[in-house]
Amino acid sequence: MNELHEALRDNVRMLGQSLGHTMEADLGDQFLDTIEHIRQRARQARHDADSDASELIQALQGLKDDELLPVARAFTQFLNLANIAEEHHRVRRWLRSDAHLPGDDSVQKLIVRLQQQGLDNQTIADQLATMDIDLVLTAHPTEVNRRTLIRKYDEVAHCLRQQDDGQHIEHRLHELVNQIWHTSEIRQQRPTPVEEARWGFAVIENSLWQAVPDFLRRLDEQLTASTGLRLPLEAAPVRFASWMGGDRDGNPNVTAVVTTEVLLLSRWMAADLYERDIDRLRSELSMHRCSAELRAVVGDDKEPYRALLGQVRKRLRQTKAWIQSELDGHPVEAEGVYCKDNELLEPLLLCHRSLCESGMRIIAEGPLEDSIRRAACFGLSLVRLDIRQNSDRHAEVMQELVQFYDLGDYSSWNEQERQVFLLRELRSRRPLISSHWQPSASVQEVLDTCRVIATASPQALGSYVISMASQPSDVLAVILLLRDMGMKHNIRVVPLFETLDDLKGARDCIAALLDIDWYREYCAGHQEVMIGYSDSSKDAGQLAAAWGQYQAQEQLTELCQQRSVRLTLFHGRGGTVGRGGGPSHTAILAQPPGSVAGSLRVTEQGEMIRFKFGIPEIAVRNMELYAGAVLEASLAPGAAPQEEWRTLIAQLTERSLQEYRAVVRQDEQFVPYFRAATPEQELAKLPLGSRPAKRRQDGGVESLRAIPWIFAWTQARLMLPAWLGTDRALNAMVSGDQLPAVQQMYQQWPFFRSNIDMLEMVLAKAAPQLSAYYDQRLVSEELRVLGSSLRERLVAMRDLINQVKRQQTLLVDNPVIRQSIEVRNPYIDPLHYLQAELLYRDRNQPDEALEQALMVTMAGISAGMRNTG
């Protein structure tokens, strides 16, 4: 392993030197000396106990205006290049540590443990084959890097792989570093929803298209080695869905027209990728011997496989041509177009059966199986598109309709009155919407979206998610609108419970929904519910929200078991701890017993998509972790928490909720402090994604989206959303006589352990001394008292975590993350001090050049911290 770490250091050194030579050629050796002087002062401030940051601050404050942007860019690009080296190192470590021999967290080792617990081979194989893990790619604006630069970073990673194989790549690598340096880090404008969707498709094309068959092949091998049973070719335990182009909640840029375009583009990309596969297969499957079944389809052709695949290629080309005509606005007849997934899958399976029957199984198990597994996973639509809209928008439609028919005031009706009306209309054979009705523009957009969904292929759609849903009528209203627009199949309509109060009411809402006979028939014994992590954490604080989510899932699981309804929980997790982030497999195993049961949906957001799925080898690894965790949680769930633990966690979270809201909601100084001490106001200038940063432009913290809320605190390194409230609550227990009980909970309860471990990671990334400098430079004397108090609480929180974990310092048991943070700090710290200086100058004398440099520091800090919101 020392050899591997040395290889990582060599990569970082080589990339850093290349960047240094590039900067020297562009800006001269004096600039390079300035960068090195700043880096050394930052390193000294971190590692010399007798030193402070005064020399570093002095060096940064001495920069001329025209030096601010280049300095910010220098440290930002070094961090980006270091990230590439580290990601490549993860791949290298995985490949060289006997990757094809099962590790402790491999599916094969898990299967052995399940066998030892008494589970038979067939049960294990059936569970793997029928498992339904849906990874939902979302366009939440947390990917700071431009797509242009991401492509260059990917090429750098490719060069590092080539170098490991003994190729000489120095010139190409230096060329790429030059390209990166001479490309602006910041987009000139926000990406459109369609551009965001294209980026999602690119991740599939460049990584997942290869990773999915590799993952399934490894899963099949591990299952066979452990049980002697095979994973069916058509099995797709992991699939992908998307919110890009479908999530319109609070985003006026996602319209019905956009959704139509994204649905078409997704199908076109799928057809194009399959066409490339078929071309390769036709070049390889030149054999003449075939089964009678295949011969009956292709006739006397001398090359039967090529003949059949030629028919497939022709239909794929017809499909692409038809989609293109729709996109161009000149639709043509849909002749020969693929419409159903099995139309593509069947001829591939026929080729496979024929080869096996003809004694050519080794050929069948080559690229053909990869194409079959892709078709089973991605289908004709590549990803299934979810739709998300706020319940208020559906109620607005009903309000206008009810007024048009002079039936009263829908907004003032109680829940029972709404249900009576909606169910009457759902049972009616006549249309609800009259051709004489003239809806408002806002309502018309909702209706247009429903029409697009109603006419789309069922296999192209995932779920219809309703945010801020709290009553059965919220679900019934959506079904009514979709049916009135002509929808023939029953799409999953999914209430999203986001705030703490919503989570507490989730069981009663779903129970009332399942009490409705009409709806029980509609849902056909399967209910999906989405749990929101981001807004509940912002509403209640991290720990209180996590316990609220846990309890809601427990109650929903129990309810659906009682009603003989299969429950799928959809976890709206973000990349950061404040938004439900953290290691996915750990989070799954920490769910309430019985709540996974073979199916799981989870969002993969923003920059986490690239970190987890942007490189094929890492994507395979992450899919294996998901599959293993869901298999274990389904077949061998942990025990329910002891009653003593429930009592303790209830006390802990009740106190943490009070302490959190006492600051965030009740302290009049908090919002002014938040806006002064962080770049929250300036974040709106950073063109991250297509969504506005606020739901309302005139609101306070409650109107701020969860992502910029956490982004702002991360930039200032106080990391407040992850620990505020928990600190005082935990202290009350630890300073009393309950420390042993808390330590026992940490040791024996996966839910509590995963929350403490994630909190520890965040606290290790926090930097009170940096937060103090933001205060010194940006905050009034009156407000600094609050900042000082918060930092004291942060430091005390670290000590509490160490007591709970029986350790002296943070991350003792996770040296890889600890080292990664320590190595980065000397490069991130200058960006923080520079950002505070830029915020000061920009707030006092705004300037476009200052804003550009400020945005680069935001991007650099995000790169260094490995997450944003």
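# Charged and aromatic contacts in a predicted model

Biologist: How far apart in helix H26 are Arg646 and Glu643?
Modeller: Arg646 and Glu643 are 3 residues apart in helix H26 (residues 643–664), so about one helical turn separates them. Helices (H or I, at least four residues) and strands (E, at least two) are DSSP runs, numbered from the N terminus.

Biologist: Before we go on, what kind of model is this?
Modeller: This is a predicted model, in which local features need pLDDT of at least 70 and side-chain atom pairs count only at pLDDT 80 or more, while totals for chains, interfaces and linings use all residues. Residues are numbered from 1 along each chain as its sequence is written, and side-chain values use heavy atoms, with hydrogens and water left out.

Biologist: Back to Arg646 and Glu643, then. In what do their side chains meet?
Modeller: They meet in a salt bridge, at 3.7 Å from N to O. The term stands for a side-chain nitrogen of Lys or Arg within 4 Å of a carboxyl oxygen of Asp or Glu.

Biologist: Is Glu643 buried or exposed?
Modeller: Glu643 is exposed, at 58% relative accessibility, and Arg646 is partly exposed at 21%. Buried means under 20% relative accessible area, exposed means over 50%, and partly exposed is in between (1.4 Å probe, protein chains only).

Biologist: How many salt bridges are found in the whole structure?
Modeller: The search finds 55 salt bridges. One of them joins Glu55 to Arg41, with the closest N and O atoms 3.4 Å apart. Glu55 belongs to helix H3 (residues 54–61) and Arg41 to helix H2 (residues 29–47), so this pair ties together parts that are 14 residues apart in sequence.

Biologist: Is Arg41 buried or exposed?
Modeller: Arg41 counts as buried, at 19% relative accessibility. Glu55 is partly exposed, with a value of 41%.

Biologist: What about Arg388 and Asp247, in what do they meet?
Modeller: Their side chains form a salt bridge of 2.9 Å, N to O. Arg388 is in strand S3 (residues 384–390) and Asp247 in the loop between strand S2 (238–242) and helix H10 (256–284), so the pair ties together parts that are 141 residues apart in sequence. Arg388 is buried at 6% relative accessibility, and Asp247 is buried at 7%.

Biologist: Which residues are linked in a network of salt bridges?
Modeller: A network links Glu205, Asp272, Glu275, Arg276, Arg317 and Lys320.

Biologist: Changing topic: how many aromatic pairs are there in the whole structure?
Modeller: The search gives 28 aromatic pairs. In the case of Trp243 and Phe570, the ring centres are 6.0 Å apart and the planes stand at 80°, so the pair is edge-to-face. Trp243 is in the loop between S2 and H10 and Phe570 in strand S7 (residues 566–572), so the pair ties together parts that are 327 residues apart in sequence. Rings of Phe, Tyr and Trp (its six-membered ring) pair if their centres lie within 6.5 Å; planes under 30 degrees apart count as stacked, over 60 as edge-to-face and the rest as tilted.

Biologist: Is Phe570 buried or exposed?
Modeller: Phe570 is buried, with a relative accessible area of 0%, and Trp243 is buried at 3%.

Biologist: What lies over the face of Phe570?
Modeller: Arg601 does, at 4.6 Å from the ring centre. A charge sits over a ring if NZ of Lys or CZ of Arg is within 6 Å of the ring centre and within 35 degrees of the ring normal. Arg777 likewise lies over the face of Tyr840, at 4.0 Å from the ring centre.

Biologist: Finally, which residues form one aromatic cluster?
Modeller: Trp209, Phe240, Tyr274, Phe378 and Phe613 form it.
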